[in-house]
Amino acid sequence: MLVLTGTLAHTVTALALPTATLQGRIFFGDQMGNVAPAACSAIQVVAKPQNLPPIKVFATGPAAGAQDGQCTFKMTNVPAGVPIELSAVYSDLLSYPEKTYPSPAGKWQNPFVLRPAQVHVRYIELDGKP
């Protein structure tokens with residue numbers, strides 16, 4: 001029986017999983033007027049690797065009135081080679097893969113798999129309920 005304890009960094013090291021960097025931008029949908037509803041730091045980005053603890057970071061950027069793409073995030077030591085689901089969390093808003101930019105930054109799908117020792121870019125869109 002394998003018991004995982006400690007931080008994700010310790011877990012990844014203990015299991016000798018290869019890692020990658022995941023970074024991106026957050027865009028705001030039409031129902032939000034393409035503007036952030038609050039400070040970028042109020043938006044949490046969550047990567048959920050399959051069978052591992054989620055990785056959570058807060059977006060960075062303007063304290064108010066951020067336009068499309070001005071809120072950014074960066075995650076290091078994200079497990080590579082396993083399916084990952086990515087989302088942005090703010091209030092009860094929904095998040096989606098950004099659909100206007102070309103793949104792989106835009107038009108991606110959950111889950112996806114990262115290649116080891118590389119920087120991967122994904123754009124996320126937050127919007128109101130459909």
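This is a predicted model: local features need pLDDT of at least 70, side-chain atom pairs count only at pLDDT 80 or more; totals for chains, interfaces and linings use all residues.

Residues are numbered from 1 along each chain as its sequence is written, and side-chain values use heavy atoms, with hydrogens and water left out.

Me: In what order do the elements of the protein run from the N terminus on?
Reply: Helices (H or I, at least four residues) and strands (E, at least two) are DSSP runs, numbered from the N terminus. The protein has 1 helix and 8 strands. The order from the N terminus on is α-β-β-β-β-β-β-β-β.

Me: Which strands stand at the edges of the sheet with mixed pairing?
Reply: Two strands pair if DSSP finds at least two bridges between them. This open sheet of 4 strands has the order 4-1-8-6. Each edge strand has a single partner strand, so one side of each is left without a neighbour in the sheet; these are strand 4 (71-79) and strand 6 (94-97).

Me: Do strand 1 and strand 8 run parallel or antiparallel?
Reply: Strands of a sheet pair through backbone hydrogen bonds, either parallel or antiparallel. Thr-21 stands opposite Val-119 in strand 8, and Phe-28 has Leu-126 as its bridge partner there. Strand 1 (residues 19-28) and strand 8 (residues 119-127) are joined by 8 bridges and run parallel.

Me: How many bridges pair strand 6 with strand 8?
Reply: On this side of strand 8, Tyr-96 stands opposite Glu-125. The pairing of strand 6 and strand 8 is antiparallel, and the number of bridges is 4.

Me: How many residues of strand 8 are buried?
Reply: Buried means under 20% relative accessible area, exposed over 50%, partly exposed in between (1.4 Å probe, protein chains only). Across the protein, buried residues make up 38% of the 130 residues. Strand 8 is mostly covered, and of its 9 residues the number buried is 7.

Me: Which strands are at the edges of the sheet with antiparallel pairing?
Reply: The order in this open sheet of 4 strands is 3-2-5-7. Inside that order, strand 2 and strand 5 (residues 83-89) pair over 6 bridges, with Lys-48 opposite Glu-85 in strand 5. Each edge strand has a single partner strand, so one side of each lacks a neighbour in the sheet; these are strand 3 (55-58) and strand 7 (112-113).

Me: Why is the disulfide of Cys-40 and Cys-71 left-handed?
Reply: A disulfide is a pair of cysteine sulfur atoms within 2.5 Å, and those of Cys-40 and Cys-71 are 2.0 Å apart. The pair links distant parts of the chain, with Cys-40 in the loop between strand 1 and strand 2 (44-49) and Cys-71 in strand 4, 31 residues apart. Both cysteines are buried. The disulfide is left-handed because the torsion about its S-S bond is about -75 degrees.

Me: Which residues have the most contacts inside the largest nonpolar core?
Reply: A nonpolar core is a set of buried Ala, Val, Leu, Ile, Met, Phe, Trp, Tyr and Cys residues joined through side-chain atoms within 4.5 Å. The largest has 27 residues, and strands 1, 2, 3, 4, 5 and 8 each supply at least two residues of this core. Those with the most contacts inside it are Leu-22, Ile-26, Cys-71 and Leu-86.
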